[in-house]
Amino acid sequence: KKETKPTITHSIVIAAEGSYGQKVCQEKKYPTCPEDGRAEVPLPPTKMEIDNGVTVLEALIQITQANKIHMDYRGGRGATAYVQGMGNVYEFDRGQGSGWMYRVNGIFPDRGAGVVPLCDGDVVEWLYTTNLGIDLNADLEPFRRDGKCP
């Protein structure tokens, strides 16, 4: 029997087709917005293998490097890690309340990406908010505080 590694599905979306973020770009024409008003998806849902215990941030680093997608973070790889920019779009590029958020299996964790462990089958989405997560219906919730997979 062949041993298989756990896999997750990862995506990065700046502004999806028909999203509030795309509407903001079309109306405000920030310098980082596409001139033609198109959707911006640097990484569509993509499966990747992970090692047990890998964090959301570690998986993000791996997949952005593998796909040659720009990603910039600060604060190390633990609790203080903060993703500043991806796809050359940074926090505050599209207004005071703009920046990067993530969710795992539809939940926006109430902790940083550097401490949330991933488990086989997880779906990780990095999303760009233009108004502090309100546009994403981002209610932060406790998530895997025990560090274990279900």
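**A colleague's note on the predicted model**

1. Residues are numbered from 1 along each chain as its sequence is written, and side-chain values use heavy atoms, with hydrogens and water left out.

2. Cys-25 forms a disulfide with Cys-33, the sulfur atoms being 2.0 Å apart; the criterion for a disulfide is a pair of cysteine sulfur atoms within 2.5 Å. Cys-33 is buried as well, with a relative accessible area of 10%. The torsion about the S-S bond of this pair is about -75°, so the disulfide is left-handed.

3. Now to helix H1 (residues 20–28), where Gly-21, Gln-22, Val-24 and Cys-25 are buried. They cover an arc of only 160° around the axis, which puts them on the same side of H1; the arc is that of the directions from the helix axis to the C-beta atoms. As background, an α-helix has 3.6 residues a turn, so residues three or four places apart point the same way. Just after H1, Lys-29 has a positive phi of about 55°. Helices (H or I, at least four residues) and strands (E, at least two) are DSSP runs, numbered from the N terminus.

4. How many disulfides does a search of the whole structure find? There are 2, and the other one joins Cys-119 to Cys-149, with an S to S distance of 1.8 Å. Its S-S torsion is about -95°, so this disulfide is left-handed. The pair links distant parts of the chain, 30 residues apart: Cys-119 is in the loop between strand S7 (108–109) and S8, and Cys-149 is in the segment after strand S9 (140–141). Cys-119 counts as buried at 5% relative accessibility, whereas Cys-149 is partly exposed at 44%. With bonded cysteines counted along the chain, the pattern is 1-2, 3-4.

5. The largest nonpolar core has 29 residues, and Val-56, Leu-118 and Trp-126 touch the most other members. Two or more residues come from each of strand S1 (7–13), strand S2 (43–49), helix H2 (56–66), strand S4 (82–86), strand S6 (99–104) and strand S8 (123–129). H2 gives the most, with 6 residues. A second, separate core of 6 residues includes Val-13, Leu-127, Leu-136 and Ala-138. A nonpolar core is a set of buried Ala, Val, Leu, Ile, Met, Phe, Trp, Tyr and Cys residues joined through side-chain atoms within 4.5 Å.

6. Trp-126 deserves a look of its own. Leaving aside neighbours within four places in sequence, its contacts (heavy atoms within 4.5 Å) include His-10, Val-56, Leu-60, Val-83, Met-86, Trp-100 and Ala-113.

7. His-10 lies in strand S1 and counts as buried, at 0% relative accessibility. Which side chain makes a polar contact with that of His-10? The partner is Trp-126, at 3.4 Å; a polar contact is a pair of N or O atoms within 3.5 Å, where within protein one must be able to donate a hydrogen and the other to accept it, and residues adjacent in sequence count only if both atoms are side-chain atoms. Beyond four places in sequence, His-10 also touches residues including Leu-43, Met-48, Val-56, Ile-63 and Val-124.

8. Strand S8 has 5 of its 7 residues buried, so it is largely enclosed by the rest of the structure. S8 pairs with S1 in the parallel sense over 5 bridges, and Val-13 has Leu-127 as its bridge partner in S8. S6 and S8 run antiparallel and are joined by 6 bridges; here the bridge partner of Trp-100 is Tyr-128. Two strands pair if DSSP finds at least two bridges between them.

9. Lastly, 3 strands form an open antiparallel sheet in the order S3-S4-S5. Its edge strands, S3 (71–74) and S5 (89–90), each pair on one side only. S3 and S4 are joined by 4 bridges, and Tyr-73 stands opposite Val-83 in S4.

Technical notes. This is a predicted model: local features need pLDDT of at least 70, side-chain atom pairs count only at pLDDT 80 or more; totals for chains, interfaces and linings use all residues. Buried means under 20% relative accessible area, exposed over 50%, partly exposed in between (1.4 Å probe, protein chains only).
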